[in-house]
Amino acid sequence: MRIPVAQQRDIARLHFHQPQSARSISRITGICANSVGELRKRIQASGKNWQDIVDLDDDQWELALGTKNRSVAKRKVSPDWTWVHEQMQLEDATREQIWQEWREEHPDGIGQSQFNEGYRKWLGQQRVVMRQIYRPGDRMFTDFAGRRVIIQSSTGESPREANLFVAVMGCSSRTYLELVWQQTTACWLEAQANAFEYFGGVPNWVVSDNLKAAVLRREKDRIVLNPQYLECLKHYGTAPMPTKQRSPRQNAKAEAGVKLAQRWVLFRLRDRVFFSLDEANVEIRRLNELLNDRKLTKSEDTRRSRFLALDAPALRPLPSTRYELSEWRHSVRVGDDYLIEHGKCYYSVPWQHRGDVVDLRITGTSLEIFRRNKRLATHALLTEPGEMSRHEEHMPVAHRRVQEGEPHALLNWAKVQDPVIEQLFTHHLMERHDLTNGLKAARKLRTWALEYGDVRFLAACRYAQACNITAIRSIESILKKKADLMAQQADASPHSGVREAHENNRGAAYFGGEA
């Protein structure tokens, strides 16, 4: 039937609640009496009462009463609208031409007017838009504008193009604009840090497109982010949220901010000539503030006032230090000497990781070594080719002993311990006529210090100095026979000059004298 379901419900209601003729119902509803009579027959044939059909939706209603529209136009074949849309994307395509080609293959299909109407209806169903509502302080949307600013050279060189970075807060739409030279990782991270400082806080998420400074590549089950970008956001306590590829609606705030920046800021600067990036940024910042203080179209508020009322209280605090730009080197193999090379300089890792593959993070002052996101070592950045930074704790015990046995290492250790030990080591390493045996003696002394402990070794050295002893065998005898300890006990005894009485002492009585 061609009667709309809403009017069918009115007829059914009157049929059940106010029994009367079809003509009477026709005058009330404005529907032809024959159509009213036909519907009443179908209701009676279905055997259903009002309670059975009152809560049915339109599809269930048509199925229960058999009133689905089965006119000729509905039964005609319709094309695959997806195929029609693909053909419409071709150059010089028209709906009439596509309908004619399709009609040649389907002579019984719908006509041109139904074709046009059906295609327009299908297009309308594809353009479903969901209005997003962003919580205060939750997201910051970032992007680069497509239009660039020309920076002239004051020295006669070729002019350069500067890129406009745009950051927009999701809730208040407050906007930050900055010109940078390129869309490289360094410029991208610098602009991100400046945006956080401009807003005075950090949002929960940073939304961006899929530029290489943010996303290296997309795989089937994961997104490979730029590690420098990820490190920067971790430093500020936020997280990245890259949009889907070719999905500008997911970054709609930034896209709208770009359009507004190009129309409201860049258009005003179309006739200005700039000779430096700093000069251009001064003017960009001035217009940026005017943009944020401009009243919104459908509100008396401004972007700044909305930001102060909504976003600002919800932002996370900035870290105590600004992010330091760093460079990463990935998949660097550690040598068998547990050293890695960077810039023709060498840096150590714990010897257990020799042969492993590590990642390097290089800043302006330091070099950090990571394996599977775990920091293995941190070194001061070296500048002279051939220099080596090797931490003692990174060396195996055998290598450490070898290093400790070098003359300069032995002297340095002795200086740290005590002047007595330093004097003894200086004698063997610098004053003896046979320095080869002197080095051997100093190494032996260092071994005894490890064996007997620093306190005992120092006591032995002091005893040897008091006795004017420097020979290695004599010092060994002192340590083994504990001569230094016995001397300390003798000095500590109050009757050190009187022998103790025991049964083997005969005394004066033995010789006839008085005891």
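## The chain as a whole

The structure is a predicted model, and its protein chain holds 21 helices and 14 strands. Along the principal axes, the C-alpha atoms of the chain fill a box of roughly 165 × 80 × 55 Å. Of the 515 residues in the protein chain, 37% are buried. When contacts with a separation of 6 or more are considered, residues 24 or more positions apart account for 58% of them.

| Helix pair | Angle | Axis distance | Handedness of crossing |
|---|---|---|---|
| α1 (residues 5-17) and α5 (residues 58-65) | roughly 60° | within 11 Å | left-handed |
| α16 (residues 407-417) and α18 (residues 435-452) | about 45° | 11 Å | left-handed |

In the pair formed by α1 and α5, the axes cross at roughly 60°, and the two helices are therefore oblique to each other. On the side of α1, the residues V5, Q8, R9 and A12 take part, and they meet D58, W61 and E62 in α5.

In the pair formed by α16 and α18, the helices pack at an angle of about 45°, which makes α16 oblique to α18. Here P407, L410 and W413 of α16 make the contact with L439, A442, R443, R446 and A449 of α18. The residues of the contact of α16 with α18 divide into six nonpolar and two charged, with no polar residue among them.

Is V455 buried or exposed? Because its relative accessibility is 71%, and exposed means over 50%, V455 counts as exposed. Between V455 and R160 there are 295 residues of separation in sequence, and their C-alpha atoms lie 70 Å apart in space.

Terms used
Residues numbered from 1 in each chain as written. Predicted model: local features only at pLDDT ≥ 70, side-chain atom pairs only at ≥ 80, totals over all residues. Heavy atoms only, no water. Axes fitted to C-alpha atoms, helices over the stretch in contact; angles between N-to-C directions. Helix = DSSP H or I, 4+ residues; strand = E, 2+ residues; numbered from the N terminus. Parallel < 35°, antiparallel > 145°, perpendicular 65-115°, else oblique. Left-handed = near helix turned anticlockwise from the far one by under 90°. Contact = heavy atoms within 4.5 Å. Nonpolar A, V, L, I, M, F, W, Y, C, P; charged D, E, K, R; others polar. Buried < 20%, exposed > 50% of the residue type's maximum accessible area, 1.4 Å probe, protein only.
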